[in-house]
Amino acid sequence: MRKFLFPKTIKPYIGKILLTKFYRMSLKRTILDLRKRKKEALQGGGEKAIEKQIKMGKLTARERIKAILDEGSFHEYDLFVEHVARDFDMDKKVLHGDGVIIGSGTIYGRPVCIFAQDFTVAGGSLGLMHARKITKIMDHSLKMRVPLIGINDSGGARIQEGVNSLAGYGEIFFRNTLASGVIPQISVILGPCAGGAVYSPALTDFVFVVENISKMFITGPGVIKTVLGEEISMEDLGGARVHAETTGNAHFYAKSETECFEQIKKLLTYIPWNNSEKAKAFPPKDPISSFNVEEAVPADPKQPYDIRNVIKGITDGSEFFEIMELFAPNIVIGFGRMGGETVGFVANQPKVLAGVLDCDSSDKAARFIRYCDSFSIPIITLEDLPGYLPGVDQEHAGVIRHGAKILYAYSEATVPKITVIIRKAYGGGYIAMNSRHLRADFVFAWPIAEIAVMGPEGAANIVFSKEIEMADNPEEMRQLKIQEYKDKFANPYVAASRGYIDEVIEPSETRKMLLHALAVSANKVESRPTKKHGIPPF
């Protein structure tokens, strides 16, 4: 039988066809291998660990990321990173992704960077490669000038990796500090966050916690019992409510993870993506008619009221996004919009401790003022307070140092600063709440405002002590002198006559005057002496 011979010119083509087919089959095998590896890595700590996470009432790390970001927008990086530990049989363990997921996505169409510790992988413990993944996405967010969201759910440092774990935390803290005031940094505590791990959230701008899920403490209940003999539960020591209400370490408190994620997304509608741009503007809206500022404030200076009703009578659509609602409630801080633009509100709350300033409220306000100044958000101050809280406890707690923080923050800020004095503005409180003397751009006062060194009752007892003591009816004389002091000093007109108040306004004119002041100061330029940095009263 005669063999069929291919012409010499065809042989090279046949070789190429066979080689191409081989490469295609090889590529297909590698793609299948890639998919297999991805599937294994995406399982994290495995089915049993995931089931355990769900039984604790917690979402998985990937579910959390998907719930925060726009649907289908997440792109994961470093999926195949593994730990490099070799001691204590660690070389025999496979920890997919080394217990943390990093990547980027969008929220309302705008890019953000995100990481989420995966408690199903070695309890989310932090080792060298785990830390390197976090610092990588931190560097990326700072370079790209986009917000960074960190979801914390970790047992702490990986003991088996020793000093490498500590080095990892240090690298994270350093980057938190570099990014401060440049990009928004958001921490979400959705599990344990213990030991050195707590300092990263403390260095970020906003901390979110969830009831019965979030736990933050330096030393846990076991260590406290061993060292001090005290017994306390994890919830009572460092639960969500504790940090939202008592310590002030948390800015937002939620009943569920879903509510928490909605809070995060709402916050991002109010703040700029970085310090070189403004927050997104929205179409202006009038306040809801049911929030009437004039009706919200009683004429009697001793009668309390809720300052939030005044804020809602001023803002677009009567919307106000409060921050640290449960901590130091004698002062109210948060974001609203005026004419479609984001503004920060700092307001005394007369219904709690008459709105006095104390250690905690000074810290709360000062930090918020500095945040607004860092991100070019105008500050509106609503003032109604009798001064700083007196008492041995406050003095010994350092009210002088803490109280000075709010003075420093207002004085340092160069964003538009506008103040409205509603009722009381006494003593050091008058100065501290963004007075003209701390370089407020505009100061307005309602006609019921009382601006004085101290309240009329206390002042009368000091200034007219002899007349009251020698009177036939001391109490009647005291009341006459109180009224005399009110007529002479406890009103807005003395301060207005000295130029400390720009205009005495009717309550119904408040929104109009604030919009005017914001428009005039929109292109404000103000400088401070050249220096490396100031020295705040930390």
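Trainee: What volume does the second largest pocket have?
Mentor: In this predicted model, the second largest pocket has a volume of about 450 Å³. A pocket is an open set of points on a 1 Å grid over the protein atoms alone, with protein on both sides within 12 Å along at least five of seven lines. The volume is the space filled by probe spheres (1.4 Å) set on the points.
Trainee: Which residues are the closest to its centre?
Mentor: Lys278, Ser376, Pro378, Pro416 and Ala522, out of 22 lining residues, where lining means an atom within 4 Å of a point.
Trainee: And which elements supply at least two residues of that lining?
Mentor: Strand S12 (341-348) and helix H21 (510-520). Helices (at least four residues) and strands (at least two) are DSSP runs, numbered from the N terminus.
Trainee: Now the largest pocket: what volume?
Mentor: About 1700 Å³. It has 49 lining residues, and Ser180, Ala366, Arg367, Arg370 and Phe538 are the closest to the centre.
Trainee: Which helix gives the largest share of that lining?
Mentor: H13, with 9 residues; H13 spans 359-374.
Trainee: How many cavities are there?
Mentor: The search finds 4 of 30 Å³ or more. In a cavity the probe fits but cannot get out. The largest cavity has a volume of about 100 Å³, and its lining includes Phe115, Tyr169 and Ser200.

Notes:
Residues numbered from 1 in each chain as written. Predicted model: local features only at pLDDT ≥ 70, side-chain atom pairs only at ≥ 80, totals over all residues. Heavy atoms only, no water.
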